[in-house]
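I opened the notebook to record what I looked up in this model. The entries follow the order of my checks.

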Amino acid sequence: MNMPPNTPTNPGDDAAPGTPGTGEDICDVCNGSGKAKDGSKCPNCGGTGKVTEGIGGG
Ligand SMILES: [Zn+2]
């Protein structure tokens with residue numbers, strides 16, 4: 001299977017970075033720390049502390 005080029009980078013992303021109509025936001029799971037409760041890399045944002053979400057709420 002081929003992945004489309006705009007596949008979200010991390011599970012917490014709504015869209016790939018740079019997608020029109022989206023922007024970076026603080027990860028809800030780790031509150032921007034990039035780390036999960038056990039100290040490992042946050043699975044939601046991939047350790048970046050940020051996720052890409054659609055702008056305008058919803
Ligand atoms: Zn996170």
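**Entry 1. Burial and overall make-up.** For the burial count I needed the cut-off first: a residue is buried if 20 or more other C-beta atoms lie within 10 Å of its own, exposed if 12 or fewer, and partly exposed in between. I note that the model is predicted. By that count, buried residues come to 19% of the 58 residues in the chain. I then looked up the secondary structure and found zero helices and two strands. I also looked up the contacts with a separation of 6 or more: 45% of them are between residues 24 or more positions apart.

**Entry 2. Core.** Which residues form the largest nonpolar core? I found five: Cys27, Cys30, Cys42, Cys45 and Val51. I took Cys42 from that set and listed its contacts, leaving out neighbours within four places in sequence. The list holds Cys27 and Cys30, and also Val29, Gly34, Lys35, Ala36 and Gly47.

**Entry 3. Gly34.** I went on to Gly34, one of the contacts of Cys42. Gly34 sits in the loop between strand 1 and strand 2. Is Gly34 buried, exposed or partly exposed? I count it as partly exposed because it has 17 C-beta neighbours inside 10 Å, and a buried residue needs 20 or more. Not counting residues up to four places away in sequence, Gly34 touches Lys41, Cys42, Cys45, Gly47, Thr48 and Gly49. For the pair Gly34 and Gly47, I noted a C-alpha to C-alpha distance of 4.0 Å at a sequence separation of 13 residues.

**Entry 4. Asn31.** I checked Asn31, which lies in the loop between strand 1 and strand 2 (50–54). Its phi is near 55 degrees, a positive value in a residue other than glycine. Asn31 is exposed, because 11 other C-beta atoms lie within 10 Å and the limit for exposed is 12 or fewer.

Entry 5. Pro17 has 16 C-beta neighbours inside 10 Å, so I put it down as partly exposed. Leaving aside neighbours within four places in sequence, Pro17 is in contact with Thr9 and Thr52. Pro17 and Glu53 are 36 residues apart in sequence, and their C-alpha atoms are 8.9 Å apart.

Gly21 has 10 other C-beta atoms within 10 Å and is therefore exposed. Which residues does Gly21 touch, not counting those up to four places away in sequence? I found Gly54 and Ile55. I also noted 8.5 Å between the C-alpha atoms of Gly21 and Glu53, which are 32 residues apart along the chain.

**Entry 6. Strand 1.** Last, I looked at Gly23, which is found in strand 1. Gly23 is partly exposed, because 16 other C-beta atoms lie within 10 Å. Beyond four places in sequence, Gly23 is in contact with Glu53 and Ile55. I had already listed Val51 as a member of the largest nonpolar core.

Note on methods
Residues are numbered from 1 along each chain as its sequence is written. This is a predicted model: local features need pLDDT of at least 70, side-chain atom pairs count only at pLDDT 80 or more; totals for chains, interfaces and linings use all residues. A nonpolar core is a set of buried Ala, Val, Leu, Ile, Met, Phe, Trp, Tyr and Cys residues joined through C-beta atoms within 7 Å. Two residues are in contact if their C-beta atoms, placed from the backbone, lie within 7 Å. Helices (H or I, at least four residues) and strands (E, at least two) are DSSP runs, numbered from the N terminus.
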